[in-house]
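Subject: Structure handover and notes

Hello,

Here is the structure you were expecting. My notes follow below it.

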2 protein chains.
Amino acid sequence: MYSEKVRKLLKEKSIEVGDRAIVEKNGRSYEGTLMPRIKSGDTNCIVLKLDNGYNLGVEYKGVKLTKTKDLPFTPEGKETGKLTFDKKKPQICVVTTGGTITSKVDYKTGGVTSLSSPEELLLKVPQLADFVKIRVVNPFNTMSESLTHEDWQKLAKVVASELKRSEGVIVTQGTDTLHYTAAALSFMLKDLGKPVIVTGAQRSTDRGSSDGFMNLICSTKIAVSDMSGVGVCMHGSMDDDHCIFIRGTKVRKMHTSRRDSFRPINDLPLAKVWPDGKIEKMQEVPKRSKLIAKADTPFESKVAIIKSYPGCMPGIIDYYVKKGYRGIILGATGLGQVPTYGKNSWIKSIENATKKGVLLCAAAETIYGRLNANVYTEGRMCRDAGVFYLDDMPIETAYVKLGWVLGRTKSVEKAKEMMATNYAGEMGKRSLSETFLY
Amino acid sequence: MYSEKVRKLLKEKSIEVGDRAIVEKNGRSYEGTLMPRIKSGDTNCIVLKLDNGYNLGVEYKGVKLTKTKDLPFTPEGKETGKLTFDKKKPQICVVTTGGTITSKVDYKTGGVTSLSSPEELLLKVPQLADFVKIRVVNPFNTMSESLTHEDWQKLAKVVASELKRSEGVIVTQGTDTLHYTAAALSFMLKDLGKPVIVTGAQRSTDRGSSDGFMNLICSTKIAVSDMSGVGVCMHGSMDDDHCIFIRGTKVRKMHTSRRDSFRPINDLPLAKVWPDGKIEKMQEVPKRSKLIAKADTPFESKVAIIKSYPGCMPGIIDYYVKKGYRGIILGATGLGQVPTYGKNSWIKSIENATKKGVLLCAAAETIYGRLNANVYTEGRMCRDAGVFYLDDMPIETAYVKLGWVLGRTKSVEKAKEMMATNYAGEMGKRSLSETFLY
């Protein structure tokens with residue numbers, strides 16, 4: 001624990017462990033997260049975890065301390081040792097799979113470790129019991145960067161099964177690949193008539209500034225709303241006052257650490273959602289219906305993404321063809337180009353892959369916008385060599401969809417037809433100007 | 001040519017060939033670019049090039065025609081058959097290399113072909129002669145998706161040479177990989193005391209809505225300004241009234257087709273620039289000085305980018321190691337993770353590559369934000385296996401820098417030291433909230 005003098009200083013400035021602060025001393029300024037004082041350390045020394053990961057200790061005398069903008073959403077309920085639900089409230093299910101939202105900081109290492117049980121998360125937001133009853137299911141625990149299509153398949157099956165008895169299902173996971181999971185569930189849940197919300201947290205739940213509580217509360221409000229479909233619910237701004245619900249096939253993590261990192265790509269959010277239950281729809285959203293969801297999970301694992309960049313040699317395409325891959329998403333530059341001239345030209349490798357029955361599709365490396373192979377000769381060369389263009393489909397969604405489509409058919413022609421079919425809003429009809437960098 | 005009735009209708013609505021318009025008929029609505037009527041076609045039929053690349057013909061009767069927001073910047077001068085410059089005006093150099101800015105639409109194919117000479121571009125903006133004299137150099141013509149580091153090397157040498165007699169140099173190229181070229185010139189031009197501006201166009205120069213003219217005029221204003229350094233100058237908004245000048249190491253093409261597609265990444269623009277010469281600096285910009293630029297162009301071509309995504313097998317790392325690659329940029333998810341558990345784990349391949357002397361660096365796949373390997377056990381595992389973290393350096397810049405660094409040293413330790421050194425503003429000290437999705 002810090003010395004009395006340091007504690008007084010922190011109290012004056014309303015700074016608690018886990019808050020972000022700027023420490024100024026002798027003309028130098030450091031910004032970071034306030035850490036607790038470890039036993040063996042100098043208790044007069046204020047310890048900050050800097051953004052580069054290092055801990056910095058500054059003797060408190062002469063220090064100017066400022067709390068930085070990092071408004072926490074404070075759950076109104078009081079944490080209790082157990083949580084009981086009213087059986088008459090609508091039933092929802094929370095499927096936890098690991099990740100930051102079910103983690104806490106290990107202040108010894110500065111790293112993050114799991115909560116002792118997934119239910120621990122709910123104890124922090126007991127007011128959920130006021131309007132729903134919650135069943136928690138924990139099929140597996142994996143940090144999201146290590147998830148695979150097999151996990152998506154398990155998840156789709158668990159969600160479909162839970163939807164039989166729930167008004168809506170919330171899936172929590174690590175945020176690194178949350179958008180891939182949202183896309184996978186969008187394709188793998190057939191005849192979905194209820195909402196499925198994928199959410200997570202950018203800050204672990206023992207921190208005052210954790211976004212997990214509000215994300216969970218807003219997700220719960222969506223779970224009992226009149227909407228249906230798969231979407232991501234995460235913070236809508238730095239202000240920490242509302243979340244946005246984004247179509248599962250049009251969403252991407254656009255920042256390493258911000259609470260409002262998840263953004264719609266070539267789309268507006270479906271809705272803004274406030275923790276008090278207010279929902280403001282921003283476009284037409286499918287309504288809840290009596291449809292009974294089925295998990296439709298075949299998936300071809302032999303799919304890959306290849307990013308196009310100056311100097312990227314076509315051998316990488318040959319590599320995947322030799323390995324027996326059946327589909328490749330090319331991250332094409334601009335309106336849909338890849339290297340077409342000189343020794344780096346991809347055209348021969350594309351033609352060869354196409355001949356061998358590999359389906360190559362192009363998605364936009366720019367993230368935003370719509371492809372158009374017809375503007376430049378080079379685009380037409382790619383198309384003529386066999387590349388199939390995916391319009392305004394985000395590259396990550398394109399990858400998931402290609403695996404899902406090739407899991408269903410052995411015919412390249414049928415696969416192209418399916419890639420061009422809009423199953424879950426993955427392709428938008430109109431390009432709205434305000435969707436750029438939303 | 002269209003029939004008289006169609007021409008009358010177009011004139012009423014102030015719509016010209018090349019403009020964007022919405023055509024409504026029988027309850028259906030189409031948006032696209034107005035094409036000229038080809039000889040063999042029905043002259044009562046209005047032809048639109050739709051965004052999907054197809055041409056659509058609609059008989060004019062009963063058509064509702066609306067011009068959509070696509071404000072052209074109109075150069076004030078009048079196109080002339082030749083351009084003469086005043087020898088007393090400041091000298092600048094325009095280095096053209098191909099791309100849309102020196103192209104025009106071939107209305108037969110709907111595709112794009114080159115201008116007959118690079119000077120043709122200047123004829124369209126003769127008012128440039130009012131304040132500068134321009135030398136045009138055309139070292140090569142290549143569409144930007146096919147550029148390689150060898151082109152960057154040629155360019156750096158041409159630019160360094162031209163800077164000896166010019167106040168500033170403008171490089172024009174295709175926009176697909178313009179940000180890579182800007183990064184390459186940022187590293188390859190040592191002791192730069194003058195401005196080097198990389199620009200291009202999203203619409204070819206024969207179209208009323210071409211952005212090329214204003215980009216060129218604003219670039220010229222920067223070329224004779226008090227700023228120095230390499231930057232990209234492109235449209236700053238959809239309003240078509242100003243450009244932004246963006247640091248060459250912190251810029252990315254973020255949209256397939258918009259005129260304001262180029263955006264600063266983890267940075268503010270250096271300045272806003274208006275075609276009348278007004279410059280509004282948005283941060284501290286290095287001043288013009290007497291330094292004499294040298295081209296410093298060694299480059300290691302054996303570098304690659306690997307994007308991390310669920311299901312991406314580590315064999316792709318082994319592939320590049322076997323091929324003798326010396327450096328790899330890993331597009332890591334979130335704060336800097338790659339798959340670390342299960343059969344897809346990258347850790348062994350990373351360790352093996354590191355042992356073989358390959359330098360693996362991590363950059364953020366999210367585009368925005370700063371990496372931090374220390375928050376999660378998984379990040380620390382990557383770091384311990386040998387991955388070197390690149391803070392807030394954009395992934396494309398990281399790739400170019402790694403090739404440039406490995407072209408200079410055979411020592412991995414020295415290369416790491418250089419990767420951590422800020423040569424051209426590629427790493428930012430502070431994270432400003434307003435830079436996210438700027």
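Within what distance do the axes of helix 6 and helix 7 of chain B come, and at roughly what angle do they cross? The axes of helix 6 (residues 315-322) of chain B and helix 7 (residues 347-355) of chain B come within 8 Å and cross at roughly 15°. That makes helix 6 of chain B roughly parallel to helix 7 of chain B.

Before the rest, some conventions. This is a predicted model, in which local features need pLDDT of at least 70 and side-chain atom pairs count only at pLDDT 80 or more, while totals for chains, interfaces and linings use all residues. Residues are numbered from 1 along each chain as its sequence is written, and chains are lettered from A and ligands numbered from 1 in the order in which they are written.

Helices (H or I, at least four residues) and strands (E, at least two) are DSSP runs, numbered from the N terminus. Axes are lines fitted to C-alpha atoms, for helices over the stretch in contact, and angles run from 0 to 180 degrees between N-to-C directions. Angles under 35 degrees count as roughly parallel, over 145 as roughly antiparallel, 65 to 115 as roughly perpendicular and the rest as oblique.

Helices 6 and 7

Helix 6 of chain B passes helix 7 of chain B in a left-handed crossing (the near helix is turned anticlockwise from the far one by less than a right angle; clockwise would be right-handed). Helix 6 of chain B contributes B:I317, B:D318 and B:V321 to the contact, and helix 7 of chain B contributes B:S349, B:I350, B:N352 and B:A353 (two residues are in contact if their C-beta atoms, placed from the backbone, lie within 7 Å). These residues divide into four nonpolar, two polar and one charged. Here Ala, Val, Leu, Ile, Met, Phe, Trp, Tyr, Cys and Pro count as nonpolar, Asp, Glu, Lys and Arg as charged, and the others, Gly among them, as polar.

In chain A, the axes of helix 6 (residues 315-322) and helix 7 (residues 347-355) come within 8 Å and cross at roughly 15°. The crossing of helix 6 of chain A and helix 7 of chain A is left-handed.

Helices 3 and 4 of chain A

The axes of helix 3 (residues 149-163) of chain A and helix 4 (residues 178-188) of chain A come within 10 Å and cross at roughly 55°. These two helices of chain A are therefore oblique to each other, and their crossing is right-handed. A:W152, A:L155, A:A156 and A:V159 of helix 3 meet A:T181, A:A184, A:L185 and A:M188 of helix 4. By class, that contact has seven nonpolar, one polar and no charged residues.

Domains of chain A

The domain assignment gives domain 1 (4-67), domain 2 (91-295) and domain 3 (303-418) of chain A; the bounds come from an automatic or database domain assignment. Taken over C-alpha atoms, the centres of domain 1 and domain 2 of chain A are separated by 34 Å.

The two chains together

Chain B can be laid on chain A with an RMSD of 0.1 Å by a turn of 180° and a shift of 0.0 Å along the axis (superposed by least squares on the C-alpha atoms of residues with pLDDT of at least 70 in both). The two copies are thus related as by a two-fold rotation axis. In chain B, the C-alpha nearest the axis belongs to B:L437, 2.6 Å from it.

The contact between the chains takes 64 residues from chain B and 64 residues from chain A. Helix 8 (377-385) of chain B is one of the elements giving two or more residues to the side of chain B that touches chain A, and its three residues are the largest share. That side has 24 nonpolar, 30 polar and ten charged residues. The copies meet through the same surface, because 100% of the interface residues of chain B are also interface residues in chain A.

Regards
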